[in-house]
Protein chains: 2
Amino acid sequence: MILINGEQRDTLEITDRGLHYGDGLFETIEISQGRPVFLTRHLARLKTGCQVLHLPYPKETLLLDEIQHVSRSVDHGILKLMLTRGSGGRGYRQPEVIHTTRLLALYPFPDYPAYYKSEGINARFCTSRLGLNPMLAGIKHNNRLEQVLARAEWQDEFQEGLMLNLNEQVIEGTMTNLFLVKEGVLYTPEIVLSGIRGVLREIILEIAKINNIPFKVTSLTQEFVLLADELFVTNSVIGIWPVKSLAGKTYTLGSVTQKISHYLAEYKTSEQGSAC
Amino acid sequence: MILINGEQRDTLEITDRGLHYGDGLFETIEISQGRPVFLTRHLARLKTGCQVLHLPYPKETLLLDEIQHVSRSVDHGILKLMLTRGSGGRGYRQPEVIHTTRLLALYPFPDYPAYYKSEGINARFCTSRLGLNPMLAGIKHNNRLEQVLARAEWQDEFQEGLMLNLNEQVIEGTMTNLFLVKEGVLYTPEIVLSGIRGVLREIILEIAKINNIPFKVTSLTQEFVLLADELFVTNSVIGIWPVKSLAGKTYTLGSVTQKISHYLAEYKTSEQGSAC
């Protein structure tokens with residue numbers, strides 16, 4: 001099912017600025033038994049993105065109604081929720097009154113093998129570099145050519161590619177955030193110049209804080225990542241995937257990764273029972 | 001008139017990757033008496049963009065037929081020609097077989113006052129910075145949030161805003177390339193880390209070469225730009241707009257700008273008579 005501004009249809013006016021300039025934002029949300037998982041957090045990030053792009057955030061009750069309408073009969077799936085600046089304006093100049101386009105589209109849940117989670121994945125370093133742009137870093141906007149080009153570097157030999165930015169800092173995977181464990185400390189790259197602040201990344205940092213797992217959000221080099229004791233990648237659809245191989249090195253599914261996976265499963269269950 | 005893959009319609013499938021990721025390229029082409037101006041050069045840049053994005057370039061005879069079909073009865077207008085990676089693939093991963101979407105849309109020619117050209121425009125420096133990404137610099141891709149945010153900084157007080165990149169180099173206007181004259185030498189910023197290599201920018205550099213106007217393509221600071229004897233901005237729709245004021249400084253329409261404008265008019269006339 002696809003809903004555009006509340007109407008069931010599968011095409012969009014070609015005047016929409018989402019198409020012309022990637023002038024929009026999106027969230028990819030797991031639907032489990034009719035319920036959007038981590039919805040409050042997805043909407044919070046979307047709202048932050050709207051502030052950065054000066055894009056009017058829709059009335060939340062309307063958005064929640066539409067999300068519920070699309071999700072309620074879904075056992076397990078993905079909801080892609082997109083907001084764009086709609087039509088109008090001349091060239092890059094936005095219209096005086098912006099009518100944000102709301103787009104909700106359902107997708108089947110991806111059929112990733114269960115052993116990605118239990119045994120880990122094979123990862124690589126991408127050649128494509130993330131650019132530097134502090135103005136746009138963090139938010140999940142629709143300007144995603146860097147990820148498209150990085151993902152085109154391999155086929156099925158790997159499950160994820162890690163990306164460095166122009167400053168040679170390791171930032172994230174093409175579709176995931178990166179964590180590593182070194183001597184009992186959890187590390188994840190700071191998202192300041194490049195990258196997306198993932199919903200699951202934030203949750204894992206909170207889990208670490210609550211459970212007294214020491215952690216650092218900092219700049220990471222390729223050398224430091226390769227010397228990690230444990231490595232894992234995250235997003236709100238896949239959860240946690242341990243990395244078992246990267247650039248010729250192998251890693252075991254370590255105790256900190258297991259502990260965090262356990263706490264995350266608990267968090268997800270408790271969140272499903274709560275009102276959010 | 002709008003043509004999508006040869007069909008007259010005004011909506012696009014919401015699965016198109018142009019919408020989701022800005023996964024595409026575009027050209028904005030002046031149509032004069034049914035004829036697309038500088039077409040060969042626009043198509044050459046589009047082809048370069050396709051190579052960078054690994055996007056299959058459509059059969060050129062097909063593209064030329066569609067361009068002619070849309071343009072032939074237009075006295076004066078704008079043709080926006082867009083190519084996107086079409087639908088398919090999962091997430092950032094592109095489909096194995098890419099069916100490039102061809103989108104041609106006609107717009108009225110913008111009603112800019114004639115004195116922008118004869119007397120010059122008021123320009124400003126934007127606060128928004130262009131990011132750094134050598135992989136994407138030069139080509140006219142659809143990831144244009146930087147320009148959208150920069151253009152949102154003012155309303156009608158100015159006709160163009162100049163953008164610096166993160167390295168504090170002056171790169172271009174939001175919709176134009178920048179040239180300046182200092183002690184008889186023509187300067188334009190190098191487009192290596194940020195910015196678009198405009199069709200008219202290339203033509204003007206060729207005009208300078210042919211007519212023995214000394215020129216430099218180099219890195220330019222804000223201070224150097226402000227100390228210019230002459231300043232002008234260019235794109236293939238507006239041609240040349242002299243800058244008469246920038247950040248409190250005023251500039252006169254100088255002899256080099258006039259000379260280049262004259263040569264450009266000649267070039268445009270001769271190009272209209274040629275086969276390209």
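Two residues are taken to be in contact if their C-beta atoms, placed from the backbone, lie within 7 Å. In this predicted model, chain A is divided into domain 1, spanning residues 2-108, and domain 2, spanning residues 115-273, and the C-alpha centres of these two domains of chain A lie 25 Å apart. Between them, 19 residues of domain 1 of chain A are in contact with 12 residues of domain 2 of chain A. On the side of domain 1 that touches domain 2, two or more residues are given by each of the elements β4 (24-32) and α2 (39-53) of chain A, and α2(A) gives the most, with seven residues. The residues on this side of domain 1 of chain A comprise seven nonpolar, seven polar and five charged.

The contact between the chains takes 43 residues from chain A and 43 residues from chain B. On the side of chain A that touches chain B, at least two residues each are supplied by β1 (2-4), β3 (11-13), α1 (17-21), β7 (101-108) and α5 (145-151) of chain A, and α5(A) gives the most, with five residues. By residue class, the side of chain A that touches chain B divides into 20 nonpolar, 15 polar and eight charged residues.

Strand pairing also links the two chains, in that β3(A) is joined by three bridges to strand β3 of chain B (residues 11-13), the two strands running antiparallel. Within this pairing, Glu13(A) stands opposite Thr11(B), a residue of β3(B).

Terms used. Residues numbered from 1 in each chain as written. Chains lettered and ligands numbered in written order. Predicted model: local features only at pLDDT ≥ 70, side-chain atom pairs only at ≥ 80, totals over all residues. Domains from an automatic or database assignment. Helix = DSSP H or I, 4+ residues; strand = E, 2+ residues; numbered from the N terminus. Nonpolar A, V, L, I, M, F, W, Y, C, P; charged D, E, K, R; others polar. Pairing = 2+ DSSP bridges.
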